[in-house]
Amino acid sequence: MIRKKSKLSENEVKHVAKLAKLNLTPQEVKKFQEQLSEVLTYVEVLKEAKTEKTEPTSQVTSLENIFREDKAKTSLSQKEVLSGTKQNYQGFFKIKRILNNS
Amino acid sequence: MELTQLSINQVQEGLKKKKFSSLEVVGSCLEKIKKTNPKINAFLTVCEKEALAEAKKADDVLNRQLSPLEHQPLLGIPIAIKDIFCTKGIKTTAGSKVLENYLPVYDATAVKKLKEAGAIIIGKTNLDAWAHGSSGENSDFGITKNPWDENYVPGGSSSGSAAAIAAQMAFGATGTDTGGSIRLPASFCGVIGLKPTYGRISRYGVIAMASSLDTVGCFGKEVMDLAILLQIMAGADGFDATAPKLPVPDYLNSLEKPIKNLKIGLPKEYFAKGLDTRIKKRIQSVVENLKKQGAKISEVSLPHSPYALAVYYIIQPSEVSSNLARYDGLRYGFDRTFFGAEAKRRIMLGTYTLSSGYYEAYYLKAMKVRTLIREDFDEVFKKVDLLLTPVSPTLPFKIGEKTADPLKMYLSDIYTVTANLAGIPGLSLPAGLVSNLPVGFQLLGPQFSEELLFQVAYQYEQKSEFYKNNLV
């Protein structure tokens, strides 16, 4: 098999970082471009595996849906739930605006 | 003999016969931690005050009640917890600056069950941040060093738990294993590490890495200790839908059974090029030991093994990118600028392989090859009862040796990721020393065959007496 080097472009790295909400320095972009390309080249070995008739595995112990009675149980108190946040308002998490007024 | 050298089973006996108190046991561990931890950095948090208070309470119960250890097998015994398990009121960092100040408001199920069994939480152990790593070097709070030689890595990601057991700072420890994070450090530190079947122990309250692979397990010095710990932690809790409601067998029952005529396979793909010949030699001596006991050894094949690491390094980062998406610094912890280099690398890789246009080529393809790997194991377990393989292709490596080359680091997991992909249990055991550094081997069995793994491990332990190699 011919191994083509699947090198990520600098722009692709920046795009993926944006999707993942990560701020990368120019040095990081360069480093990740190289390191991620290396890993992506390594995993190309999977192209050799024949999987035309194979179903994907996402759960290994063959469990299916697990049900329980729809009954409320005691849960954490509001105070406990908010104990890790730096900003809260009247018992709610306070977050930045995500929609504009218009 | 120092108290800290004892096994869990021996501490139980000593407490029962009043040879020593829980306060003395806890005190001996704390002393060891004070002496050794500044050098090897196995603990991120030591719960000194709380542990001493708990020990006094345990001694009260031990003095008052007739046989409390029958109901609480770990009463008064110090256990270390990997810092990725939520512990109520005790800082839980996952080894990352993102969670530097995170104080959980509830206990993980595994921790809750240990506490209910009387265990004393002695502290929280260091790890590669978010359990991403094979060496312990990705911790945001400093490297854990190998207690056998401080120039070497202890293996990761459960680096602190393995090092704490090897350096005798606790009698048992919890760990998580997504691609080898229990078995690799166990082998590098010369202790025993169990990665149970996927779902055997609930993951509720354990900070998630890759959800189709994550497994909770444990460390100890002797096989019986691991059986005791699994007995306590196993079983469904109603909070982890992947933990099946299967009965939990009595894991101590099978230990004494002889292994004559048991069929053990050596998968040839695990002994091919790339394996250090000195490790191969150590493993041959293990095979000889089992042969002498009447086990039937044969060579077998798991033909899709060469694809396992590639499958793992698609599925795992994909699931990592999804699980770490929740860290936004709004409800707890700090924002995403606090992620370290390895977390960023895996989030990036996973985001890419899951992104539109690449999903089929990477994630879906990997899940299909995962099926082939799983079927290899199904086939081979029709022929043999269990498998014996190396844990790591190399000896413990030097600190800094692989940090500049992530792919080289990832290759450390080549023999361990298959058990996670197939959801089967793996038990890593000491196979002796090479150049005064520990070497391990692993036993792999069908899903929910932990009893069988313990049985073979125990019989090997009795004949090889590997525990005599313990660090003092």
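Trainee: How far apart are the end C-alpha atoms of helix α14 of chain B?

Mentor: This is a predicted model, where local features need pLDDT of at least 70, side-chain atom pairs count only at pLDDT 80 or more, and totals for chains, interfaces and linings use all residues. Residues are numbered from 1 along each chain as written, with chains lettered from A and ligands numbered from 1 in written order. Helices here are DSSP runs (H or I, at least four residues) and strands likewise (E, at least two), numbered from the N terminus. The expected span is 1.5 Å times one less than the number of residues, so the 15 residues of α14(B), 450-464, should span 21 Å, and the ends agree at 21 Å.

Trainee: Which helix of chain B gives the most to the side that touches chain A?

Mentor: Contact means C-beta atoms, placed from the backbone, within 7 Å. Chain B brings 47 residues and chain A 36. With 10 residues, the top contributor is α11(B).

Trainee: At roughly what angle do the axes of α1(A) and α10(B) cross?

Mentor: Axes are lines fitted to C-alpha atoms over the stretch in contact, with angles from 0 to 180 degrees between N-to-C directions. These two come within 9 Å and cross at roughly 95 degrees. Since 65 to 115 degrees counts as roughly perpendicular, that is the name for α1(A) against α10(B): roughly perpendicular.

Conventions: Contact = placed C-beta atoms within 7 Å. Parallel < 35°, antiparallel > 145°, perpendicular 65-115°, else oblique.
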